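Colleague: I have a few questions about the words used for this model. Could you show me the structure and go through them with me?

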Amino acid sequence: MIPLRSEEEIASIRQADQIVADVLATLAEMMEPGRTTAELDQVAETMIRDAGGAPAFLGYRGFPATICISIDDEIVHGIPGARPIQDGSIVSVDVGVCWDGYFGDAALTVPCGAVDAERRRLMVTTDRALARGIAAACAGNYLVDISRAVEQTCVAEGFSVVRCFVGHGIGKRLHEEPQIPNFDTGNKGPLLRAGMVLAIEPMVNVGVPDVRVRDDGWTAVTADGRPSAHFEHSVVVREHAAEILSLTPRRRWGQDLG
Ligand code: MG
């Protein structure tokens, strides 16, 4: 069963997501060559705790940090550390927050310095795929309408969607039912109903969709070494359109793409 959240519960999830969005906005502003991923992680943890939340990823299945930070061919689940971010990289940042027992989760990919045209097109396409997926997340549609909208947007640009990681329901836990594939599985999935809260998160590759996990046990990278991008919002399904919970005046739609 996919829970339908009350307005009171949605308010708590929104609060968690507003913290997430502010952290993402801050990290996007800080993205410049030479910064280390550990430095960004520390800023994120401090902001989350100062806002009264708790980092949702820290300790989740043993994950050792507050944010996941994944550069270029890294898709998701990269671990912050001492390495400096290079000019021309694209950097995916994923943030999760628990606030008052409810979870928020969002991600974006930002350019560090001057990035090439292919990376820029990948970021723009992934962001647009997320927007189209969210546009399909209204009551009366089926889950597959989200998946199809995402997939078609990416395939039209010649990119591939990652199949082994998916979006998810979210609320009282970080990952709840349903799973939200970024491709058409051939199964229409559940009917979308007002009050469902979903984290929609296309992960899109320039080259093949295949994934390899590095020896650290976490970092998922593209099998062909070509770049990948990741955008995510948490949304609540409403009657006529989804409401995006992980936007703030500081984190507006598409502002970080340059
Ligand atoms: Mg997520």
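**The metal site and the strands around it**

Modeller: Let us start at the metal. In this predicted model, the magnesium ion is coordinated by Asp105 (OD), His168 (NE2), Glu201 (OE) and Glu232 (OE), at 2.2 to 2.5 Å.

Colleague: What makes these residues donors of the magnesium ion?

Modeller: The distance does. A donor is an N, O or S atom within 2.8 Å of the metal. The atoms named here lie at 2.2 to 2.5 Å, so they count as donors. Along the sequence, the donor residues follow the spacing D-x62-H-x32-E-x30-E. Aspartate 105 belongs to strand E5 and histidine 168 to strand E7 (residues 167-169), so this pair ties together parts 63 residues apart in sequence.

Colleague: Is aspartate 105 buried or exposed, and how do you know?

Modeller: Buried means under 20% relative accessible area. Aspartate 105 has 2% relative accessibility, so it counts as buried. Histidine 168 has 4%, so histidine 168 counts as buried too.

Colleague: Why is strand E4 called mostly covered?

Modeller: Count its residues. E4 spans residues 90-99, and eight of its 10 residues are buried.

Colleague: How do you know which strands pair with E4?

Modeller: Two strands pair if at least two bridges are found between them. Strand E1 (residues 54-55) has two bridges to E4, in the antiparallel sense. One of the links there joins alanine 54 to cysteine 98. Strand E2 (residues 67-71) has five antiparallel bridges to E4, and cysteine 68 stands opposite aspartate 94. Strand E5 (residues 102-111) has 10 antiparallel bridges to E4. In E5, alanine 106 is the bridge partner of valine 95. Each count reaches the cut-off, so E1, E2 and E5 each pair with E4.

Colleague: What makes a residue set here a nonpolar core?

Modeller: The residues must be buried, of nonpolar kinds such as Val, Leu and Ile, and joined through side-chain atoms within 4.5 Å. The largest such core has 55 residues. Val91, Val93, Val95, Ile146, Leu198 and Ile200 have the most contacts inside it. Elements that each supply at least two residues include E2, E4, E5 and helix H3 (117-135). Helix H1 gives the most, with eight residues. Another core, of 15 residues, lies apart from this one and has Ile13, Phe57, Cys68 and Ala199 among its members.

Colleague: Which residues does valine 93 contact, leaving aside its neighbours within four places in sequence?

Modeller: Among them are Leu24, Leu27 and Met31, as well as Ile67, Ile69, Ala106 and Leu108.

Colleague: What makes the phi of aspartate 100 worth a remark?

Modeller: Most residues other than glycine have a negative phi. Aspartate 100 is not a glycine, yet its phi is positive, near 55°. Aspartate 100 sits in the turn of the hairpin formed by E4 and E5, which has two residues between the strands. Exposed means over 50%. Aspartate 100 has 57% relative accessibility, so it counts as exposed.

Colleague: How do you know that the peptide bond from glutamate 177 to proline 178 is cis?

Modeller: Look at omega, which is near 0° for this bond. Proline 178 is in strand E8 (residues 176-180). Most peptide bonds are trans.

Conventions
Residues are numbered from 1 along each chain as its sequence is written. This is a predicted model: local features need pLDDT of at least 70, side-chain atom pairs count only at pLDDT 80 or more; totals for chains, interfaces and linings use all residues. Side-chain values use heavy atoms; hydrogens and water are left out. Buried means under 20% relative accessible area, exposed over 50%, partly exposed in between (1.4 Å probe, protein chains only). Helices (H or I, at least four residues) and strands (E, at least two) are DSSP runs, numbered from the N terminus. Donors are N, O and S atoms within 2.8 Å of the metal (3.2 Å for Na, K and Ca); water is not among the atoms, so sites may look incomplete. Contact means heavy atoms within 4.5 Å.
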